[in-house]
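Trainee: I have a model open and a list of things to ask. Can we go through them briskly?

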Amino acid sequence: MSALLHEPVTVMATDTSVNGTALAVLIILFLVVTVLGFSAARFMRGDNLDSLDEWGLGGRRFGTWVTWFLLGGDLYTAYTFVAVPAAMFATGSVAGFFAVPYTIVLYPIIFVFMARLWSVSHRHGYVTSADFVRGRYGSRELSLAIAVTGFLATMPYIALQLVGIQAVLEVSGVGGGDNWFAADLPLLIAFVVLAAYTYTSGLRAPAVIAFVKDALIYLVIIVAIIYLPTKFGGWDHIFGAAQDKMATTNEATGKPQGSFVPGDGQMWAYATLGLGSALALFMYPHSITASLSSSSRNTIRRNASILPAYSFVLGLLALLGWVAIAAGTQPIGLDGEANPQLVIPQLFEDAFPAWFAGVAFAAIAIGALVPAAIMSIAAANTFTRNIYKEWINPRATPKQEAKVSKLMSLVVKAFALVFVFTLDKQNAINFQLLGGIWILQTFPAVVFSLYTRWFHKWALLVGWAVGMVYGTVQAYQVINPATGKHFGGSLDMIPMIGEMGYIALTAFVLNILVTAALTLALRAAKVDNGTDETTAYDYQADADDPRVAKDLQEGTTALGAEGV
Amino acid sequence: MSSGSESGPTRDVVPANKFMLVAAGVLLLVPVVALMWVGSYAKIEPRLWNIPFFFWYQFLWVFLCSAMTYSAHRLVLAARGLDGQGKRKATHRGDA
């Protein structure tokens, strides 16, 4: 199955010239957003950005709408715009369309546990999942494991955003060249701008830019999904073209090019990719930050019933990968090689007038910058609270904390660049799947512990370690047949079931089995399971609870705790 | 299970209607089971407006899941005697 995920695309035509108009529009919009990003420091501002609460959580003053935009920022990313359609274009529905069931089942799942996490977090002032685990078991070690995983797993996810920005720049004709420095220079410039305004404005930057981003994205999406299918012969023709392409034999593997609908032996892959991704998403530090920055417990559940609107559009965007098949789009990079990641920008450049292609490019680029900023801030918060303050400098002042967070937001992005430069970019969706393998291993310690303290802290730690090692080794062993690189995919044989499945979910099941077995042993041996600082009531408290209200007000002075 | 002795005034958990909570749980579980059962929809016919079954069926679930999640939300509120804003309907508000 992994062989299906990376196929060379036949090279027929090459247009690598600079698209002047599109590039100009892209640069202008990018500059507007940059100015907004730097001036965002004043948006709903509290005391100062020197405290971690202000910089990293926007003073926790975000109501339903801002939270909706922030959560949307987690979903409408380069993943949606670049990686998923590219996977659809290259190898079909099992590789790409699983994102639709993934983002549908996501909401029932977060509905169940996120409200409890919100309540207990605001009763005790937790900002990260590692904070919660620390409070629930009094375990610094388990908390460290959660924090490190969050930091690590965010890197490939940010890398995916950078690949998205690079795709847009490449199609608009900049970034080529003979040496690697010239080739990657535009990406590095975008990276520096992102890093700079994140550094100065914190979470306010992406929150303000998110409005611009969503306006641009909706404009582009509406135009694209109404105009493009009609232009290229209607859905009947588009599905026909996709079906034909997926049925052709791939010369490298001797197997079909891809899947039109999942066939025999692909059902488990499709289901586990969807479920594994859904369980993983709200374990990422940035998703937890976005959820906790909402102003009431109810906001989260109400949002859980509105947010599926995003999934519908995501499905249409996925199908744009097949519109590109019908349109005969040739995603050729500036190096003359085929690169499926370029397919959507290329489709826009071919089908739209240059100025609108520029708007679309800006939507994609900004749509990648916003989540990259949110993700790096959240990962940095986790590092500061659960690694720096807990293990390195327990006496850190709020000012020192904010400073370390700002620096770490740069470090996590720098590591993301390393992922971009070393891993296989032909299959960018795999970046997100790799992050999912890691982050899903924190699920038992965080979510199970919201309901019960039956599981033993040491068992949870060992189960986590087993899942991490198993998942990483299995993912390393997946070799891309086209390039021979490791970490070439995220599917592997599920033991006992004997079908291909998402490694994250297999590792997750292994994690749970180890945790449960060890818990039985440790409980039988009466090993101490730490001290719990939470009570049953903590898990249901809402904004009207005095301690929650106090927590919501923290960092705010005159403005009060109500959202916008 | 040790209880938190230092976590301030401990208040009672709001008593909830078990039946309504279970019903909400079922509403949340149905979309997950339906979409994970890939074999039930991995087919091309019947088409709807030329769109193969596999695709329109999943798009349909966006709306079904949204409706079910919203119903579950209202059920959970009702089970705990809360109104649409999550406020207690009764006048007593605990020992705040």
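Trainee: Where in chain B does B:Pro46 lie?
Mentor: Keep in mind that this is a predicted model. The peptide bond from B:Glu45 to B:Pro46 is cis, with omega near -5 degrees. As for its place, B:Pro46 sits in the loop between helix 1 and helix 2 of chain B.

Trainee: Is B:Trp49 buried or exposed?
Mentor: B:Trp49 belongs to the loop between helix 1 and helix 2 of chain B. Its phi is positive, about 50 degrees, although B:Trp49 is not a glycine. The count is 8 C-beta neighbours inside 10 Å, and 12 or fewer is the cut-off. So B:Trp49 counts as exposed.

Trainee: How does B:Asn50 count, given 13 other C-beta atoms within 10 Å?
Mentor: B:Asn50 is also placed in the loop between helix 1 and helix 2 of chain B. Phi is positive here too, near 70 degrees, in a residue other than glycine. A residue needs 20 or more such atoms to be buried and 12 or fewer to be exposed. With 13, B:Asn50 is therefore partly exposed.

Trainee: What share of the residues of chain B count as buried?
Mentor: Chain B has two helices and zero strands. Of its contacts with a separation of 6 or more, 58% join residues 24 or more positions apart. Of the 96 residues of chain B, the share that counts as buried is 23%.

Trainee: Which element gives the most to the side of chain B that touches chain A?
Mentor: In the contact, 39 residues of chain B meet 42 residues of chain A. Two or more residues come from each of helix 1 (18-36) and helix 2 (53-79) of chain B. With 11 residues, the element that gives the most is helix 2 of chain B.

Trainee: How many residues on that side of chain B are charged?
Mentor: Divide the side of chain B that touches chain A by class. There are 21 nonpolar and 14 polar residues. The charged ones number four.

Trainee: What share of chain A do buried residues make up?
Mentor: Chain A holds 23 helices and two strands. Among its contacts with a separation of 6 or more, residues 24 or more positions apart account for 83%. Of the 564 residues in chain A, buried residues make up 62%.

Trainee: What word describes the angle of helix 4 to helix 15 of chain A?
Mentor: Two packed helices are described by the angle between their axes and the distance between the axes. Helix 4 (residues 78-91) and helix 15 (residues 308-327) of chain A pack at about 50 degrees, with axes 8 Å apart. That angle makes helix 4 of chain A, relative to helix 15 of chain A, oblique.

Trainee: How many nonpolar residues does that contact have?
Mentor: Helix 4 of chain A passes helix 15 of chain A in a right-handed crossing. By class, the contact has two polar residues, no charged ones, and nonpolar residues numbering 13.

Trainee: Which helices do the buried residues of helix 20 of chain A pack against?
Mentor: Helix 20 (residues 443-451) of chain A has A:Phe443, A:Pro444, A:Ala445, A:Val446 and A:Ser449 buried. Their packing partners in chain A are helix 7 (129-137), helix 8 (140-171), helix 12 (267-281), helix 21 (457-477) and helix 22 (503-524).

Trainee: What separates the C-alpha atoms of A:Gln266 and A:Met500?
Mentor: A:Gln266 is in the loop between helix 11 (234-247) and helix 12 of chain A. With 22 C-beta neighbours inside 10 Å, A:Gln266 counts as buried. A:Met500 is 234 residues away along the chain, yet the C-alpha separation is 7.0 Å.

How values were computed
Residues are numbered from 1 along each chain as its sequence is written. Chains are lettered from A and ligands numbered from 1 in the order in which they are written. This is a predicted model: local features need pLDDT of at least 70, side-chain atom pairs count only at pLDDT 80 or more; totals for chains, interfaces and linings use all residues. Axes are lines fitted to C-alpha atoms, for helices over the stretch in contact, and angles run from 0 to 180 degrees between N-to-C directions. Helices (H or I, at least four residues) and strands (E, at least two) are DSSP runs, numbered from the N terminus. Angles under 35 degrees count as roughly parallel, over 145 as roughly antiparallel, 65 to 115 as roughly perpendicular and the rest as oblique. A crossing is left-handed if the near helix is turned anticlockwise from the far one by less than a right angle, and right-handed if clockwise. Ala, Val, Leu, Ile, Met, Phe, Trp, Tyr, Cys and Pro count as nonpolar, Asp, Glu, Lys and Arg as charged, and the others, Gly among them, as polar. Two residues are in contact if their C-beta atoms, placed from the backbone, lie within 7 Å.
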